[in-house]
Amino acid sequence: MKKYKIGIIGVYGRGIHACQAHRPEQGFEVVMGADPFDAHPRNYQIPGFKKFPERFPDATLVKDYRELVANKDIDIVFVMSPDYCHEEQAVAALEAGKAVYLEKPMAISIEGCDRILRTAYRTGSKLFIGHNMRYFPAVLKMKEIIDSGIIGDIQCGWCRHFVNYGGDAYFRDWHSEQKNTCGLLLQKGAHDIDVMHWLMGAYSKRVVGMGMLSVYNRCGRRPEGSEGSAAWNENQYPPLELDGFSPIIDVEDHNMIMMQLDNGAQATYMQCHYTPDAERNYTFIGTKGRVENIGDSGKCQVHVWTRRGSRQEPDIIYQLKPVEGSHGGADAPIIDNFLDFVANGAKTNANPVAARNSVAAGVLAHYSMRNGNIPQDIPQLEPELLEYFANNQQR
Ligand SMILES: NC(=O)c1ccc[n+]([C@@H]2O[C@H](COP(=O)([O-])OP(=O)(O)OC[C@H]3O[C@@H](n4cnc5c(N)ncnc54)[C@H](O)[C@@H]3O)[C@@H](O)[C@H]2O)c1
């Protein structure tokens, strides 16, 4: 059995998810981590949390990711660091010949994504992007329904994204600044834009946006120079009564965008970070019917209408069973798929070109909303890149 040695860049936060890849009995072993910082205070709220050296006593932990990438023994690198690190760290790992699992959003600019794609193409190093929503049971059920043809050709897709933890997660640390994320259409919306592209069978070719920062800019801030951290707490509501937010907030707290896809269909994505409840609510409308998810994870439903009638009386109701594990049970299957891709060339749900195109729509929608709401055309990729990634990175 071939053995694969794994290095994780950014070992806390989302890096804890990468630890699931440590499967010595299957030949995958975490041997190194790189992180310039110590664990966050909030990590200790996780039941059973262990710091990296406790979890992997035989592994090495360094501060500089370049030391990890230079380690010739390492075959696989997980890039789990903040968004603004992705381009530099993924390119370095690909150049060093490592197979790379890169968290979404792929990068914070279109140029950054294209540099990563071109590096993967030139070096032949395998690239996989952590779009775990492509493994969500509700999303997979809607895809199955659409692919069956029962609701006809999809012409229209809408997503309303209620983010009730926006004030916990995105306005207290690095997420709150455009220089680190571009904006929350990438940090959160890259997932949903990608799901809409996937289920509607096409990518956005044109996008227009409106967005605003109108709530978190009025909340209490932590002092300039103090350290920020996300602070998850179900009781934090309503937002205007809260404090401890970043001294600099220049990302929008609600975003509304419209997309024209290259197959003629149209879509909208609406995101709000100060709702009391949380859900990604998608609907796709075809020439013969409509599908919608009611709840997005755990015990949720997918409704289908194929005749005229009341919204309260769908023609089919699929009751989905809760799946164990983080992110609605999607985090384990995405790691399975990545390891199978690296070891056996397995087909993946998540294609790097799709990840780039979700970032491209988000970047240009932010540009549109910040520059007079003028529609923006998405630049196309070179045909050889499209062919290489469509062919599952085989030449
Ligand atoms: N797919 C998902 O469902 C999902 C969920 C959460 C986060 N994410 C993504 O994961 C990434 C990390 O997000 P997070 O919420 O864990 O952030 P975070 O700030 O909580 O944690 C980031 C980690 O990276 C480390 N780090 C910071 N700068 C670094 C550097 N220069 N080099 C190496 N490590 C560095 C931090 O110390 C920390 O351990 C982001 O890109 C985010 O979009 C994805």
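User: Which residues are buried in α4?

Analyst: In α4, the buried ones are H86, E87, Q89, A90, V91, A92, A93 and L94. Buried means that 20 or more other C-beta atoms lie within 10 Å of the residue's own; exposed means 12 or fewer, partly exposed is in between, and C-beta atoms are placed from the backbone. Helices (H or I, at least four residues) and strands (E, at least two) are DSSP runs, numbered from the N terminus.

User: Where do these residue numbers come from?

Analyst: Numbering starts from 1 along each chain, following the sequence as written. The model is predicted: local features need pLDDT of at least 70, side-chain atom pairs count only at pLDDT 80 or more, and totals for chains, interfaces and linings use all residues.

User: OK. How many residues of α4 are buried, and what do they pack against?

Analyst: Helix α4 covers residues 86-95, and eight of its 10 residues are buried. They pack against β1, α3 (65-69), β4 (76-79), β5 (99-102), α5 (110-123) and β6. Contact here means C-beta atoms, placed from the backbone, within 7 Å.

User: What follows α4?

Analyst: G97, which has a positive phi near 85°.

User: In what order do the strands of the open sheet run?

Analyst: The six strands run β3-β2-β1-β4-β5-β6, with parallel pairing. The edges are β3 (60-62) and β6 (127-129), each pairing on one side only. On average, neighbouring strands of this sheet are turned by 20° against each other, direction ignored. Those angles use lines fitted to C-alpha atoms (for helices, over the stretch in contact) and run from 0 to 180 degrees between N-to-C directions.

User: How many bridges are there between β1 and β2?

Analyst: Six bridges, in the parallel sense, between β1 (residues 4-9) and β2 (residues 28-34). Two strands pair if DSSP finds at least two bridges between them.

User: Which strands does β8 pair with?

Analyst: Strand β8 (residues 204-212) pairs with β9 (residues 254-261), antiparallel, over eight bridges. S204 stands opposite L261 there. Two bridges also join β8 to β15 (residues 376-377), again antiparallel, with V207 opposite Q376.

User: Switching topic: which residues touch the most others in the largest nonpolar core?

Analyst: F78, V100, M142 and V359, out of 106 residues. Helix α13 (residues 352-370) gives the most to this core, nine residues. Such a core is a set of buried Ala, Val, Leu, Ile, Met, Phe, Trp, Tyr and Cys residues joined through C-beta atoms within 7 Å.

User: What is F78 in contact with?

Analyst: Leaving out neighbours within four places in sequence, F78 contacts I6, I8, I9, A18, A21 and Y101.

User: And the ligand, which residues are closest?

Analyst: G10, Y12, G13, R14 and F37, among 23 residues that surround the ligand. The shell has 10 nonpolar, eight polar and five charged residues. Ala, Val, Leu, Ile, Met, Phe, Trp, Tyr, Cys and Pro count as nonpolar, Asp, Glu, Lys and Arg as charged, and the others, Gly among them, as polar.

User: Where are the cis peptide bonds?

Analyst: One joins K104 and P105, with omega about -10°; P105 lies in the loop between β5 and α5. Another joins Y237 and P238, with omega about -5°, and P238 is in the loop between β8 and β9.

User: What is the phi of N373?

Analyst: Near 60°, positive in a residue other than glycine. N373 lies in the loop between α13 and β15, and counts as exposed because it has 11 C-beta neighbours inside 10 Å.

Methods: Near = placed C-beta within 6 Å. Contact = placed C-beta atoms within 7 Å.
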